[in-house]
Amino acid sequence: MLDSIDTHEQEALATLAAATTSAQVEAWRIAWLGTSGRVGAMMEALRGAPKEKKPMLGKQLNAMKQKLEAQFALAKASGGAESGPDIDMTEPGLPAGVGRRHVLTRTIADIVDIFGRMGFRVAEGPEVEDEWHNFTALNIPEGHPAREGTDNFYMAEQGGIRRLLRTQTSTVQIRTMEKEKPPLKIVAVGRVYRPDTHDATHFSMFHQVEGLCVDKNVSMVDLKTALWQFARACFGPEAEVRMRPSFFPFTEPSAEVDMKMKIKGEWRWVELGGCGMVDPAVFESVGIDPEVWSGYAFGLGVERIAMRRHGISDIRWLYENDARFLRQF
Ligand code: FA5
């Protein structure tokens, strides 16, 4: 057996080369390198070899074993010499991971769709804003606490203009009224930024949906009707909405819009946004005559709408991108 180690080696390599499937490669491994395989038998035979030949034969045998092991590793990796990976065509396939849009993206599409059916057109504005659009034109004068550095993400001044990440989509009201003449009926959905501490209902970057309607004889009744129509379309006929008197510099009168949502199994009223009748000072800043035109505006938190619709109790889930969470929607 040990007289012709070379011959054995050649035979082994030839049979391995002829193995075309991974099952054949495995059968080869068992035949040659397995516990009762031929290489083992040759090692066994080495014991009975003449003493003076043992070192030389041992060396040869070890070299052969290493070579076969290396060739086997290669053959195994390629799944057999010729056939490529050994695929069982009768196996049921793995389900393809079907992707879907993020729950927030779909909420935004739904919101735009609902308002679209109510006659609102989509308007847009930049996320990096100047102070005119984020504050001044919205009747928030210099020195107003809302303009403080601690409440805003300001950027370094450039060419005498200080810019900031917009804190509200109300900026798009101004941008639209500067460009277009009434009557107007628009919604703007987008990201806004505030240095708020993260908790179950607050994030430092979130989305708002802004609505603006400017026409002749627009009243608070039209505003309330629009919000109720939206609530019913978005949350179903059991939707509960309430308006509480409030204050915003750019609306008069102003109201807070609340809705009931489930937090940790408990139904609670949660602030959804603000609304009101466009303040005459805002109309004047964009050159619209408040004696002729009137309007309403509202701004709602999109994350809170998504949370209300899907029973999500913590806003942070929306931004953690945990696939186990996202897969639910
Ligand atoms: C505003 O931003 C006003 N621009 C809304 C408005 C528009 C009033 C037009 C009148 C006319 P407020 O700061 O309350 O208002 O924010 C509106 C909504 O955004 C909140 O009710 C809440 O739903 C959401 N929101 C505010 N801060 C956060 C936050 N840190 N994380 C998530 N959502 C938030």
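Mentor: Start with a definition: contact means heavy atoms within 4.5 Å. Helices are DSSP runs of H or I with at least four residues, strands are runs of E with at least two, and both are numbered from the N terminus. This is a predicted model, where local features need pLDDT of at least 70, side-chain atom pairs count only at pLDDT 80 or more, and totals for chains, interfaces and linings use all residues. Residues are numbered from 1 along each chain as its sequence is written, and side-chain values use heavy atoms, with hydrogens and water left out.

Trainee: Which residues of helix 5 and helix 8 meet?

Mentor: Helix 5 covers residues 103–117 and helix 8 covers residues 220–235. On the helix 5 side the residues are Ile-111, Ile-114 and Phe-115, and they meet Phe-230, Ala-233 and Cys-234 of helix 8.

Trainee: How many nonpolar, polar and charged residues does the contact of helix 5 with helix 8 have?

Mentor: Ala, Val, Leu, Ile, Met, Phe, Trp, Tyr, Cys and Pro count as nonpolar, Asp, Glu, Lys and Arg as charged, and the others, Gly among them, as polar. By these classes, the contact of helix 5 with helix 8 has no charged, no polar and six nonpolar residues.

Trainee: At what angle do the axes of helix 5 and helix 10 pack?

Mentor: Axes are lines fitted to C-alpha atoms, for helices over the stretch in contact, and angles run from 0 to 180 degrees between N-to-C directions. Helix 10 spans residues 302–310, and its axis and that of helix 5 are 10 Å apart, at an angle of about 100°.

Trainee: What does that make helix 5 relative to helix 10?

Mentor: Angles under 35 degrees count as roughly parallel, over 145 as roughly antiparallel, 65 to 115 as roughly perpendicular and the rest as oblique. Helix 5 is therefore, relative to helix 10, roughly perpendicular.

Trainee: Which residues come nearest the ligand?

Mentor: A residue is near a molecule or strand if one of its heavy atoms lies within 4 Å of it. Of the 25 residues around the ligand, the nearest are Gln-168, Arg-194, Asp-196, Phe-203 and Glu-271.

Trainee: How far is a polar side-chain atom of Arg-194 from an oxygen atom of the ligand?

Mentor: A polar contact is a pair of N or O atoms within 3.5 Å; within protein, one must be able to donate a hydrogen and the other to accept it, and residues adjacent in sequence count only if both atoms are side-chain atoms. A ligand oxygen lies 3.0 Å from an N or O atom in the side chain of Gln-208, and one lies 3.2 Å from a polar backbone atom of Gly-273. For the polar side-chain atom of Arg-194, the distance to a ligand oxygen is 2.8 Å.
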